[in-house]
Amino acid sequence: MRRVAVVTDSNSGITQQRGKELGIYVLPMPFFIDEKLYLEDITLSQEEFYKKLGADSDISTSQPSPGTVMELWESVLKEYDEIVCIPMSSGLSSTCSTAMSIAAEYKGRVQVVDNQRISVTQEQSVYDAMKLRDEGKSAAEIKEVLEREKLQASIYITVDTLKYLKKGGRITPAAAALGTVLNLKPVLQIQGEKLDAFAKVRGWKAAKKTMLNAIEKDLNSRFADMKDQMVLGMAYTCTKDEAQTWKQEIQERFPGYQIVEGPLSLSVACHIGPGAMAVTCMKKA
């Protein structure tokens, strides 16, 4: 049986330490903060990132250089026959298309999954890849399964402040000012390639209810014939105490479901700011 390694990036929310525990490889995402290069979870911790974000530092996302990607792959291929690589959604970053271009040089030994997922949904794809590998599937077969089921997932996010959506040009300064005065909370949605507006409500209570209602609707409509194969997820840029309260609310609304949890990747966090909460549902392979 061919030995297959699983590679992902830090947009999955999987830390370097967790990657070692799982026996997988996590490529750190690069950030430029005040023109200085940082690597997520290596030279940039969650705490340091939010401190710099709160200080209005100039933060921009980037992607790993081709040389960095190839260096990791070639190191892994010394021990494994094949790699299945699961980067963040191609609709949210060019990381995936770059990896696919590089993989063409590896004559089928590296299979890049255009998975159209991020955060805990991407994390679940990593667990799916590990399961499929352990069942004896090749990297190409794993890629086929994950791409076939890539859209069987939903993410809903509510932000605490409109500041970062305004900063990124997703809403106008006038809309941000009015929304702040009226305590409006936008609910955003990621399904497949795009981060889109889903709803606009007043206050956190209404925002949480809107997200939970949306997940319930998805489970009872889009995913009605696969409900027993669905897992839930929760992600956040809020405090851990607030996150645990949010997790409890999800569990109470959907008892019996497995919940994958973790902080939102910094690539998402820099666009939505601190204090955000997300809930997801996704089909497991």
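Helix H5 (residues 120–134) has 15 residues and spans 21 Å from first C-alpha to last, close to the 21 Å expected at 1.5 Å a residue. The expected span is 1.5 Å times one less than the number of residues. Helices (H or I, at least four residues) and strands (E, at least two) are DSSP runs, numbered from the N terminus. This is a predicted model: local features need pLDDT of at least 70, side-chain atom pairs count only at pLDDT 80 or more, and totals for chains, interfaces and linings use all residues. Residues are numbered from 1 along each chain as its sequence is written, and side-chain values use heavy atoms, with hydrogens and water left out.

### Exercise 1

Determine how far H5 is enclosed, and what follows it.

**Solution.** 
- Step 1. List the buried residues of H5; among them are Val120, Val126, Met130 and Leu132.
- Step 2. Conclude: twelve of the 15 residues are buried, so H5 is largely enclosed by the rest of the structure.
- Step 3. Look past the end: Gly136 follows H5, and its phi is positive, near 100°.

### Exercise 2

Find the buried side of helix H6 and say what covers it.

**Solution.** 
- Step 1. In H6 (residues 139–148), the buried residues are Ala139, Ile142, Lys143, Val145 and Leu146.
- Step 2. These residues cover an arc of only 165° around the axis, which puts them on the same side of H6. The arc is taken from the directions from the helix axis to the C-beta atoms.
- Step 3. Turn to the face away from the buried side: Glu144 and Arg148 are exposed there.
- Step 4. The cover over the buried residues includes strands S1 (4–9), S6 (82–86) and S7 (110–112), helix H4 (95–103) and H5. Contact means heavy atoms within 4.5 Å.

### Exercise 3

Describe the largest pocket and the largest cavity.

**Solution.** 
- Step 1. Rolling a probe the size of a water molecule over the atoms shows where empty space is left.
- Step 2. On a 1 Å grid over the protein atoms alone, a cavity is a set of points where a 1.4 Å probe fits but cannot get out; a pocket is an open set with protein on both sides within 12 Å along at least five of seven lines; lining residues have an atom within 4 Å of a point.
- Step 3. The largest pocket has a volume of about 370 Å³. Its lining has 17 residues, with Ser45, Gln46, Glu47, Lys240 and Pro263 nearest the centre.
- Step 4. The largest cavity holds about 100 Å³. Its lining has 14 residues, with Leu27, Val69, Cys85, Pro87 and Thr95 nearest the centre.

### Exercise 4

**Solution.** 
- Step 1. Asp56 lies in the loop between H2 and strand S5 (59–61). Its phi is positive, about 60°, although Asp56 is not a glycine.
- Step 2. Gln116 sits in the loop between S7 and H5. Its phi is positive, about 50°, although Gln116 is not a glycine.

Definitions and conventions: Buried means under 20% relative accessible area, exposed over 50%, partly exposed in between (1.4 Å probe, protein chains only). Grid points are joined across faces, edges and corners, and a volume is the space filled by probe spheres set on the points.
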